Amino acid sequence: MSRHMPESLRLFNRTHNRPTAATKRERSAEAKARCDRLRKIEDIKLAKEMGVSLAELGAI
């Protein structure tokens, strides 16, 4: 069920709750950092499974 929201508030939210360009850049940077951390963890696991160092894995 949807709650009734006055039209004036709906218009206000539509125009005022948009993320700014700076917020978008910040979120994008956070997402990239999170992805890089996950990739690094996966690389470490792969290196352990193969029994090689990360340096040797990077050379492959």
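Colleague: What does the accessible surface of the protein chain come to?
Modeller: About 5800 Å², with 57% of that area belonging to carbon and sulfur atoms. Such areas come from the Shrake-Rupley method with a 1.4 Å probe, and for residues only the protein chains shown count as cover. Please note that this is a predicted model, in which local features need pLDDT of at least 70, side-chain atom pairs count only at pLDDT 80 or more, and totals for chains, interfaces and linings use all residues. Residues are numbered from 1 along each chain as its sequence is written, and side-chain values use heavy atoms, with hydrogens and water left out.

Colleague: How many helices and strands are there?
Modeller: The protein chain has three helices and zero strands, in the order α-α-α along the sequence. These elements are DSSP runs numbered from the N terminus (helices: H or I, at least four residues; strands: E, at least two).

Colleague: Which helix has the highest mean pLDDT, and which the lowest?
Modeller: H2 has the highest, at 91, and helix H1 (residues 7–16) the lowest, at 72. The pLDDT is the predictor's confidence in each residue, from 0 to 100. Over the protein chain the average is 82, and 85% of the residues score at least 70. Where pLDDT is low, the predicted coordinates should not be read in detail.

Colleague: How far apart are the end C-alpha atoms of H2?
Modeller: They are 43 Å apart, which agrees with the 44 Å that its 30 residues should span. The expected span is 1.5 Å times one less than the number of residues. Just after H2, Gly51 takes a positive phi of about 75 degrees.

Colleague: Which side chains meet in a salt bridge?
Modeller: Those of Asp36 and Arg39, at 3.4 Å from N to O. The rule asks for a side-chain nitrogen of Lys or Arg within 4 Å of a carboxyl oxygen of Asp or Glu, and the count comes to one salt bridge.

Colleague: Why are those two separated by about one helical turn?
Modeller: Because Asp36 and Arg39 are three residues apart in helix H2 (residues 21–50). An α-helix has 3.6 residues a turn, so residues three or four places apart point the same way.

Colleague: What share of the residues counts as buried?
Modeller: Of the 60 residues, 3%. Buried means under 20% relative accessible area, exposed over 50%, and partly exposed in between (1.4 Å probe, protein chains only). Asp36 is partly exposed at 45%, and Arg39 is partly exposed at 46%.

Colleague: Where is Val52 found?
Modeller: In the loop between H2 and helix H3 (54–59). Leaving aside neighbours within four places in sequence, Val52 is in contact (heavy atoms within 4.5 Å) with Ala47 and Leu57.
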